[in-house]
Amino acid sequence: MGVMIAAFMRGITRLNDVVGRWIALLVFAMFAFLLLEVGFRYLFNSPTVWTNELTQMLFGIYAVMSGGYIMAHRGHVNVDLVHSHLAPRKRAVLDIVTSTVFFIFTLALLWFGIDMATESMSSWETSYSAWNPPIWPVKLAIPIGTALLVLQGLVKLLEDIAVAFNLDYHTPEDTDSEGEQL
């Protein structure tokens with residue numbers, strides 16, 4: 001593959017890696033907030049109105065923003081009944097064919113996510129709970145996370161095309177091993 005395509009693939013994978021590592025830190029914040037809630041509830045008999053809702057919002061952001069990272073590290077669930085028994089080239093061809101379903105779903109999610117986030121941001125939507133925090137940032141994370149997932153899906157598709165047609169390309173892992181080609 002061309003140098004520009006390989007650079008694009010490495011750049012997208014690197015971006016998803018950085019975003020995923022930062023988003024993973026939200027687990028510590030969620031843990032701290034839930035621990036704080038337990039402490040206030042059981043030690044001081046004074047539960048908070050905001051910790052559970054904030055934790056749910058952080059988990060929502062965590063879930064939608066981690067998709068690209070998970071795909072970059074091949075962590076998504078895969079049904080291996082047929083897939084694992086195929087040779088690498090046949091597996092790549094199967095992945096190319098089934099990627100159409102992936103792109104239909106994720107592009108629809110991106111389209112509707114943009115619409116939902118735009119509507120939420122235009123009205124500065126809040127949760128209407130007792131705490132009433134803004135929820136438009138959570139809804140904004142949906143199209144951002146989906147865009148990162150679509151881009152990583154494009155990287156995976158390009159890798160599968162390279163494997164299926166015996167093209168030379170650089171995988172993201174190659175950057176760690178000083179540019180070896182497959």
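## Helices α2 and α3

In this predicted model, Leu 26, Val 27, Ala 29, Met 30, Phe 33, Leu 34, Leu 36, Glu 37 and Arg 41 of α2 are in contact with Thr 51, Asn 52, Leu 54, Thr 55, Leu 58, Phe 59, Ile 61 and Tyr 62 of α3, where contact means heavy atoms within 4.5 Å. Sorted by class, this contact has 12 nonpolar, 3 polar and 2 charged residues; Ala, Val, Leu, Ile, Met, Phe, Trp, Tyr, Cys and Pro count as nonpolar, Asp, Glu, Lys and Arg as charged, and the others, Gly among them, as polar. Helices are DSSP runs (H or I, at least four residues), numbered from the N terminus.

Two packed helices are described by the angle between their axes and the distance between the axes. For α2 (residues 26–43) and α3 (residues 51–65) the angle is about 165° and the axes lie 9 Å apart, the axes being lines fitted to C-alpha atoms over the stretch in contact, with angles running from 0 to 180 degrees between N-to-C directions. The two helices, α2 and α3, are therefore roughly antiparallel, a term for angles over 145 degrees, while those under 35 count as roughly parallel, 65 to 115 as roughly perpendicular and the rest as oblique. The crossing of α2 past α3 is left-handed, that is, the near helix is turned anticlockwise from the far one by less than a right angle, whereas clockwise would be right-handed.

## Helices α1 and α2

Helix α1 (residues 3–24) packs with α2 at an angle of about 15°, with axes 5 Å apart, which makes α1 roughly parallel to α2. Trp 22, Ile 23 and Ala 24 of α1 and Leu 26, Val 27 and Phe 28 of α2 make this contact, which by class has 6 nonpolar, no polar and no charged residues.

## Helices α3 and α7

The axes of α3 and α7 come within 8 Å and cross at roughly 15°, so α3 is roughly parallel to α7. Their crossing is right-handed. On the α3 side, Met 57, Ile 61, Val 64 and Met 65 meet Val 138, Ala 141, Ile 142, Ile 144, Gly 145, Thr 146 and Leu 148 of α7, and these residues divide into 9 nonpolar, 2 polar and no charged.

## Confidence and basis

The protein averages a pLDDT of 90, and 92% of the residues score at least 70; pLDDT is the predictor's confidence in each residue, from 0 to 100. Confidence is highest in helix α7 (residues 136–164), at a mean of 96, and lowest in helix α5 (residues 80–83), at 80.

Residues are numbered from 1 along each chain as its sequence is written, and side-chain values use heavy atoms, with hydrogens and water left out. Because this is a predicted model, local features need pLDDT of at least 70 and side-chain atom pairs count only at pLDDT 80 or more, while totals for chains, interfaces and linings use all residues.
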